[in-house]
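Subject: Structure for your review

Dear colleague,

Please find below the structure that I am handing over to you.

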Amino acid sequence: MKKTDKLLNRQRRVTIVFGYSLFLFTLVILTMFTVIPFTSLLFNPTVTRHLNALIILIALTLGAILPTVLSYVMGDSATHTKNKTSHHYNGVLFGIASYWLAILFMFIRIETTPNIMMSIAEPWSSIIASWPVLATIIVMLFVSITYAKNQKNKSSVLQHRPYQIVLVGSFAALSVYLAVIGDYSIGVLALASIASLILQIILIIIAYKVLAKSRPSKAVRLSEAVITITISGIAVSLVSQLIGQLSPLITVFDLVVPQLVGVCVWAVYLWLVLRRS
């Protein structure tokens with residue numbers, strides 16, 4: 001087996017392990033801080049509208065995991081090769097792309113439809129507010145169909161141009177969007193937001209550079225660099241949620257620790273992908 005093939009196979013296995021692990025942690029956090037609290041409301045005699053609580057629970061749960069799960073299934077189903085690793089790998093890559101896309105659509109919803117949501121009673125408000133989930137699924141379905149029809153000699157969906165556009169484009173659009181609408185009136189939070197954005201750019205540049213020897217295609221290299229920052233970003237989000245539940249007041253510790261964990265996850269992932277042995 002060629003050295004390049006070994007690197008690619010290792011990269012696939014490492015990405016699969018990290019993807020599955022982060023999704024498992026997501027389910028744990030979701031269960032602890034969303035499913036259990038809302039489920040307890042269903043058995044609380046003081047809560048009169050149990051149906052509304054149930055619908056909100058379903059909307060929040062589906063919004064958190066449905067785009068990722070369905071995108072994984074799409075990536076798996078669109079893969080024609082019999083190699084199981086390729087199926088798992090493409091599934092994880094689809095899930096990663098849907099992560100940024102779903103968050104981007106969610107912020108668009110928050111900025112564009114708050115008045116509409118307030119004027120509609122539950123449970124319809126929660127149902128309509130779930131449109132980012134449907135939008136994400138439609139976009140990923142398009143990527144899945146085009147990839148299924150144009151695989152040929154492509155080793156993975158990472159080489160598929162529509163996938164690259166969705167992955168890199170949604171990440172870039174979300175980063176610019178957050179930078180523009182960010183609230184810079186609070187010194188500590190403003191500094192944290194700016195530092196986080198700069199850190200992401202630095203990590204992407206480093207990943208892009210270190211992948212240069214093994215990834216001749218610039219588009220593939222950039223896509224992989226975004227994947228490294230996605231894995232880091234998911235880890236940051238999960239740790240932030242965990243700390244937020246344990247410490248209601250935002251401190252410097254709450255802002256710094258998740259970022260440090262994210263950098264460590266990014267470094268370990270990249271090292272495992274590129275290690276020689």
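The notes below set out what was found, beginning with the whole chain and moving on to individual residues.

**Overall architecture**

Please bear in mind throughout that this is a predicted model. The protein chain has ten helices and zero strands, so that its pattern along the sequence reads α-α-α-α-α-α-α-α-α-α. Of its 277 residues, 39% count as buried. The accessible surface of the protein chain amounts to about 15200 Å², and carbon and sulfur atoms account for 72% of that area. Among contacts between residues at least 6 apart in sequence, 71% join residues at least 24 apart.

In soluble globular proteins, nonpolar side chains tend to be buried together. The largest nonpolar core in this model holds 50 residues, and Tyr163, Leu167 and Ile227 touch the most other members. At least two residues of this core come from each of H1, helix H2 (50-78), H3, H6, H7, helix H8 (187-210), H9 and H10. Helix H3 gives the most, with twelve residues.

Leaving out residues up to four places away in sequence, Ile227 touches Leu93, Ile96, Leu158, Leu167 and Tyr269.

**Aromatic pairs and clusters**

A search of the whole structure finds seven aromatic pairs. One of them joins Phe18 and Tyr269: the ring centres are 5.2 Å apart and the planes stand at 80°, which is over the 60 degrees required, so the pair is edge-to-face.

Trp100 and Phe171 form another edge-to-face pair, at 5.0 Å centre to centre and with 70° between the planes. Here too distant parts of the chain are linked: Trp100 is in helix H3 (residues 84-112) and Phe171 in helix H7, 71 residues apart. Trp100 has a relative accessibility of 6%, under the 20% limit, and therefore counts as buried. Phe171, at 8% relative accessibility, counts as buried because that value is also under 20%.

Trp100 and Phe171 belong to one aromatic cluster with Tyr99. Tyr99 is found in helix H3. Apart from its neighbours within four places in sequence, Tyr99 is in contact with Thr230, Gly233, Ile234 and Ser237. The C-alpha atoms of Tyr99 and Thr230 are 8.2 Å apart in space, although the two residues are 131 apart in sequence.

**Charges over rings**

Two arginines lie over aromatic rings. The charged end of Arg221 sits over the ring of Tyr208, 4.6 Å from its centre. Arg275 lies over the face of Trp271, at 6.0 Å from the ring centre.

**Two helices in more detail**

Helix H6 has 19 residues, which at 1.5 Å a residue should span 27 Å; its end C-alpha atoms are 27 Å apart, in agreement with that value. The buried residues of H6 include Val133, Ile137, Met140, Val143 and Tyr147, and among them are also Thr136, Ser144 and Thr146.

Among the buried residues of H10 are Asp254, Pro258, Gly262, Val265, Trp266, Leu270 and Val273, together with Tyr269.

**Two further residues**

Is Glu224 buried or exposed? Its relative accessible area is 4%, under the 20% limit, so Glu224 is buried. Glu224 has its place in helix H9 (residues 218-246). Not counting residues up to four places away in sequence, Glu224 touches Gln11, Leu158, Leu211 and Arg215.

Ser155 is found in the loop between helix H6 (131-149) and helix H7 (161-181). With a relative accessible area of 32%, which falls between the limits of 20% and 50%, Ser155 is partly exposed. Ser155 and Leu8 are 147 residues apart in sequence, while their C-alpha atoms are 9.3 Å apart in space.

With kind regards

How values were computed: Residues numbered from 1 in each chain as written. Heavy atoms only, no water. Helix = DSSP H or I, 4+ residues; strand = E, 2+ residues; numbered from the N terminus. Buried < 20%, exposed > 50% of the residue type's maximum accessible area, 1.4 Å probe, protein only. Contact = heavy atoms within 4.5 Å. Areas by Shrake-Rupley, 256 points an atom, 1.4 Å probe, with all protein chains shown as cover. Phe/Tyr/Trp six-rings, centres within 6.5 Å; stacked < 30°, edge-to-face > 60°. Lys NZ or Arg CZ within 6 Å of the ring centre and 35° of its normal. Expected span 1.5 Å × (residues − 1). Core = buried A, V, L, I, M, F, W, Y, C linked by side-chain atoms within 4.5 Å.
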